[in-house]
Amino acid sequence: MSKLRIVIFEDNTDLRDSMSMILDAVDDFELTGSYSNAQRLVSRIEQSKPDVILMDINMPGKSGIEATKEIRSHYPHIKVLMQTVFDEDDKVFASLCAGASGYILKNTTAEKMLQAIREVASGGVFFTPSIASKVMNDFQTRQSHSEFIMLTEREKEVLHYMVEGLQYKTIADKIFLSYEGVHSHVKKIYEKLHVNSKSEAVVKAIRNKLV
């Protein structure tokens, strides 16, 4: 029987090494790549040919959410399991919209991590209990219809990067705008969406399919 090929993207060296040891000890798993960032993403995937990717949501340079979107675009058959320290609402939903098949916390036990990998590899989804609760609550409170919200193209662009989990300074660099300019657009976005925080803006953007 062929082994399940796993790749890790994780910038914390100790955690990356720990996960590698756990995966190496599983007979039907094969660790084919372990990286500290998501740079040269396509070439690394071509080389490692994974079935499942363990993706850190916060990495220097390209974020895990950006990387997941790129992976799903080029390799829709590859399953991505997101990992993070905190179960932040905005990043949970941004990960799902990016195409992740699961979302687990980094303090998840080795047994649960392996269970999650097997689950997404077989075509299912996996969330740790606190994440599953957030997803369920969102669907239960989802409005039956989308609000009509008119954003400018620039505001949509800024909101798009907010959904991807980027910081305002990074957004400014990407769209060649000053930090103050981005902050001004964010303020207008908040006003139009009738929200008071980044997480609320991201969730509303996803619910109303604004990005």
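Visitor: What is I57 in contact with in this predicted model, leaving aside its neighbours within four places in sequence,?
Guide: In this predicted model, I57 is in contact with S63, G64, I65, M82, Q83, T84, K91, S95 and Y103, once its neighbours within four places in sequence are left aside. I57 itself has its place in the loop between β3 (52-56) and α3 (64-74).

Visitor: Why is I57 called buried?
Guide: The relative accessible area of I57 is 2%, and the cut-off for buried is under 20%, so I57 is called buried because its value of 2% falls under that cut-off.

Visitor: How far apart are I57 and K79, in sequence and in space?
Guide: From I57 to K79 there are 22 residues in sequence, and the C-alpha to C-alpha separation in space is 15 Å.

Visitor: What makes β4 and β5 a pair of strands?
Guide: Pairing asks for at least two bridges, and strand β4 (residues 79-84) has 4 bridges with β5, in the parallel sense; the two are therefore counted as paired. T84 stands opposite L105 in β5.

Visitor: How do you know that β5 also pairs with β6?
Guide: Between β5 and strand β6 (residues 126-127), which run parallel, there are 2 bridges, and at least two are required, so this pair qualifies as well. The bridge partner of G102 in β6 is F126. The chain passes from β5 through helix α5 (residues 110-121) to β6, in a β-α-β crossover that is left-handed.

Visitor: Which residues of strand β5 lie on each side, and are they buried or exposed?
Guide: In strand β5 (residues 102-105), G102 and I104 lie on one side and Y103 and L105 on the other, and all of these are buried, which leaves both faces covered.

Note on methods: Residues are numbered from 1 along each chain as its sequence is written. This is a predicted model: local features need pLDDT of at least 70, side-chain atom pairs count only at pLDDT 80 or more; totals for chains, interfaces and linings use all residues. Side-chain values use heavy atoms; hydrogens and water are left out. Buried means under 20% relative accessible area, exposed over 50%, partly exposed in between (1.4 Å probe, protein chains only). A crossover is right-handed if, with the strands pointing away from the viewer, the path from the first strand over the helix to the second runs clockwise. Contact means heavy atoms within 4.5 Å.
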